[in-house]
Amino acid sequence: MEIRVMKTFLFFGLVFTLISSSLFAAGEGSAVQSHDQSTHIVNEAGDAHFEGSAEIEQQKDGKFPRLEREHTLGSIQRAWDKAPSQAGIYTVTYSQEQLIKLRLREFMTTTVVLPSWEMIEEIIVGDSSTFEVVQKGNHILLLRCKEFVGADSNISVISKSGLVYTFYVRSEGYNSENLPDLRVHVHVPGDIPMSFPILSEREKSSLDTSASRAALSPEERMKENASPFKYPLAITPKLSRLNFKWSMAGDSEIAPRQVFSDGVRTWFNFDNGTGKLLEQQDLPVIARVIDGVDTPVNTRIEGSMIIAETEGVFTLRSGEKTVCIYPTDMKVG
């Protein structure tokens, strides 16, 4: 009996040992696997931490990653690289029988300077969709080609002097081998073309009776010609003798738009752009200042001009309004 009990005890002990061994082996394998996975995760975290630290250290040393940017326009005209300083400046002499040819370039403007005495009245552009013209002041134009290159057209400028300036214009791209015209000076040779004078009623009647005068006898004609001296209806001063540098001070409401002199006479331009005749405007009285005293002077009307038959310092008065006009290079006390 005792022997049977002992065998039974040994059998259960052996079974327990085997089961424990199996469980221990299974647990040890799981622990190893978990340890491997944990080690792998730690390594991955360590690697990530290491990479972040390296980037920070590089930025501390001023080594930042490259920033990708868009490319530049690349629209520089290389024809300018070795161009002389006077390139793009063009002076042309006006002639009624010739066109003025201009080369325009995209992204640039061309400035056309007419004579300083000129006054632009109307601008006509052949192709306004390709070319644009802007007037600056009385005698300056800005030309620009809009959207298209490789096109041409014409521009006509009608002035108050009666001259018509006709331009042939051509637009070229930034990659053109030709340099564009950036500033163009138009020179008009000879005398200033003046507008037709406004005739008085007496002058008009004299023209109407010119046919009857032709029938007069020689003695009667001599008697007619014995009248006092009359200035010609139109005066065309020499360009080389003109002085356009004048200064004004006073009420701008009665000031002329332009003043110039040829050393003998002085022109006061009162064209206000309204189209009114000078006789319909409230014009000031012009006097020359001599020894500090306003002295009346002989004046006459020619077109939009009042011409004083003298030069010097002038005072213009209209009611209580006054303007002093004098040559810029003259010292006025």
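Predicted model: local features only at pLDDT ≥ 70, side-chain atom pairs only at ≥ 80, totals over all residues.
β13 and β17 run antiparallel and are joined by four bridges; two strands count as paired here if DSSP finds at least two bridges between them. Residues are numbered from 1 along each chain as its sequence is written, and side-chain values use heavy atoms, with hydrogens and water left out.

I290 sits opposite V293 in β14. Two residues separate the strands of this hairpin, and D291 in the turn has a positive phi of about 55°.

## The five-stranded sheet

Those strands belong to an open sheet of five, ordered β10-β18-β17-β13-β14, with antiparallel pairing. β10 and β14 stand at the edges with a single partner strand each, so one side of each has no neighbour in the sheet. Ignoring direction, neighbouring strands are turned by 30° against each other on average; the axes behind that angle are lines fitted to C-alpha atoms (for helices over the stretch in contact), and angles run from 0 to 180 degrees between N-to-C directions.

## The four-stranded sheet

There is also an open sheet of four strands, in the order β2-β8-β7-β4, and its pairing is mixed. Its edges are β2 and β4 (120-125), each with a single partner strand, so one side of each is left without a neighbour in the sheet. The twist from one strand to the next averages 25°.

β4 and β7 run antiparallel and are joined by five bridges. I124 has S156 in β7 as its bridge partner.

## The chain in numbers

The protein chain holds four helices and 18 strands, where helices (H or I, at least four residues) and strands (E, at least two) are DSSP runs numbered from the N terminus. Of its 333 residues, 28% are buried; buried means under 20% relative accessible area, exposed over 50%, and partly exposed in between (1.4 Å probe, protein chains only).

Among contacts (heavy atoms within 4.5 Å) with a separation of 6 or more, residues 24 or more positions apart account for 64%. The chain exposes about 22,900 Å², with carbon and sulfur atoms supplying 55% of it; these areas come from the Shrake-Rupley method with a 1.4 Å probe, and for residues only the protein chains shown count as cover.

## Two nonpolar cores

A nonpolar core is a set of buried Ala, Val, Leu, Ile, Met, Phe, Trp, Tyr and Cys residues joined through side-chain atoms within 4.5 Å. The largest has 23 residues, and L102, V112, L143, Y165, F167 and V186 have the most contacts inside it. Elements giving two or more residues to this core are β2, β5 (131-136), β6 (140-145), β7 (152-159), β8 and β9 (183-187). Leaving out residues up to four places away in sequence, V186 touches V92, Y94, I100, V112, V113, L114, P115, Y165 and F167.

Apart from that core lies another, of 13 residues, including W246, F268, V297 and F314.

## Aromatic pairs

The structure has five aromatic pairs. Rings of Phe, Tyr and Trp (its six-membered ring) pair if their centres lie within 6.5 Å; planes under 30 degrees apart count as stacked, over 60 as edge-to-face and the rest as tilted. Y94 and Y165 make a tilted pair, because their ring centres are 5.0 Å apart and their planes stand at 55°. Y94 lies in the loop between β1 (89-93) and β2, and Y165 in strand β8 (residues 164-172), so the pair ties together parts that are 71 residues apart in sequence. Y94 is buried at 12% relative accessible area, and Y165 is buried at 0%.

W246 and F314 are tilted too, since their ring centres are 6.4 Å apart and their planes are at 40°. This pair links W246 in strand β10 (residues 246-250) with F314 in strand β17 (residues 314-318), 68 residues apart. W246 and F314 are both buried. F244, F260 and W267 form one aromatic cluster.

## Positive phi values

Most residues other than glycine have a negative phi. F107 has a positive one, near 70°. F107 is found in the loop between β2 (100-105) and β3 (109-113), and it is exposed, with a relative accessible area of 64%. D291, the turn residue of the hairpin, is exposed as well, at 79%.
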